[in-house]
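The points below concern charged pairs and the nonpolar core.

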Amino acid sequence: MQERRSNQDRRQETRRALISAARALFLEKGYAATGTPEVVARAGLTRGALYHHFKDKQALFLAVVEAEAAQIAAGIAAGSADAQTPLAALNAGAQAYFAAMRVPGRVRLMLLEGPAVLSPETMRRIDLETGGRELRLGIAAALGQAATVGQVDTLADLISAMFDRAALAVDGGAERLLYEETMRDLLARLVGPEP
C-alpha cells in the first residue's frame, strides 16, 4: 500500500519543483528572458500552483537566489571546515567560493541580475545570512579578540567586494589562477600573519 503524503509534503514538493525549474531557466537564460509559462511547463505544474506559492516572478527569483546563496555558503563552510588556522580557513573558503561561482550562469544570477532585480540591499541581506556570515566568522577568527565588530564588518565588506569582482573578471575570461593566487596574498596581508 502506498503511503499517503500530507498536504504539507505536497506543498513543499511543489515549491521545490518550481524553484528547481526556475533555477535551471534563470541560469540558462537569465531573469528577463525567462517567462513564468516556461517555469510551470518545466516543473510540470500549473500557473495556479506557481501563484499559490509565489506572488510573482520576482518572488520566485528571490527564492532561487536565496537557495543559491545557501548552496554557496554551504560549500564555503564545508571547504573550510578542516582548516588548521584562521588564515587557512579563509583561503579554503575563498577556493570554495571561486569553485561555486564557476557554475554556469551563477555569476550573472548572483552578481548582476540579483542586485538589479532584487536590489543591492536585498542581496546584502541574503549575503549576511549566508556566505557573508561565513566570511565574517573567518575574519573575526583571523583578527582575534582585539578586533571590533566594526572592523570585522568593514573588512568583510571590502573583501567580499574583491571576491565578487574577481568572480566577475574570471567569468569574463580573466586568468582564474592569477585571481585566486592574488586573493590568497591579499588575505594574508589584510588579516596579518598567522599567530
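1. Which residue forms a salt bridge with Glu 28? The partner is Arg 42, with the closest N and O atoms 2.9 Å apart in this predicted model. The pair links distant parts of the chain, since Glu 28 belongs to helix H1 and Arg 42 to helix H2 (residues 36-43), 14 residues apart. Glu 28 counts as partly exposed because its relative accessibility is 49%; Arg 42, at 43%, is also classed as partly exposed.

2. A search of the whole structure finds 14 salt bridges. One of them joins Arg 23 to Glu 68, the closest N and O atoms being 2.2 Å apart. These residues lie 45 positions apart, Arg 23 in helix H1 (residues 7-29) and Glu 68 in helix H4. Arg 23 is partly exposed at 25% relative accessibility, whereas Glu 68, at 1%, counts as buried, the cut-off for buried being under 20%.

3. Arg 124 and Asp 157 also meet through their side chains in a salt bridge, at 2.8 Å from N to O. Here helix H7 (residues 120-129) is linked to helix H9 (residues 149-171), across 33 residues. Through shared partners, Arg 124, Arg 136, Asp 153 and Asp 157 are joined into one network of salt bridges.

4. The largest nonpolar core has 50 residues, of which Tyr 97, Met 110 and Phe 163 touch the most other members. Helix H4 (residues 57-80) supplies the largest share of this core, 8 residues. Beyond four places away in sequence, Tyr 97 touches residues including Ile 72, Ile 76, Leu 111 and Phe 163.

Definitions and conventions. Residues are numbered from 1 along each chain as its sequence is written. This is a predicted model: local features need pLDDT of at least 70, side-chain atom pairs count only at pLDDT 80 or more; totals for chains, interfaces and linings use all residues. Side-chain values use heavy atoms; hydrogens and water are left out. A nonpolar core is a set of buried Ala, Val, Leu, Ile, Met, Phe, Trp, Tyr and Cys residues joined through side-chain atoms within 4.5 Å. Buried means under 20% relative accessible area, exposed over 50%, partly exposed in between (1.4 Å probe, protein chains only). Helices (H or I, at least four residues) and strands (E, at least two) are DSSP runs, numbered from the N terminus. Contact means heavy atoms within 4.5 Å. A salt bridge is a side-chain nitrogen of Lys or Arg within 4 Å of a carboxyl oxygen of Asp or Glu.
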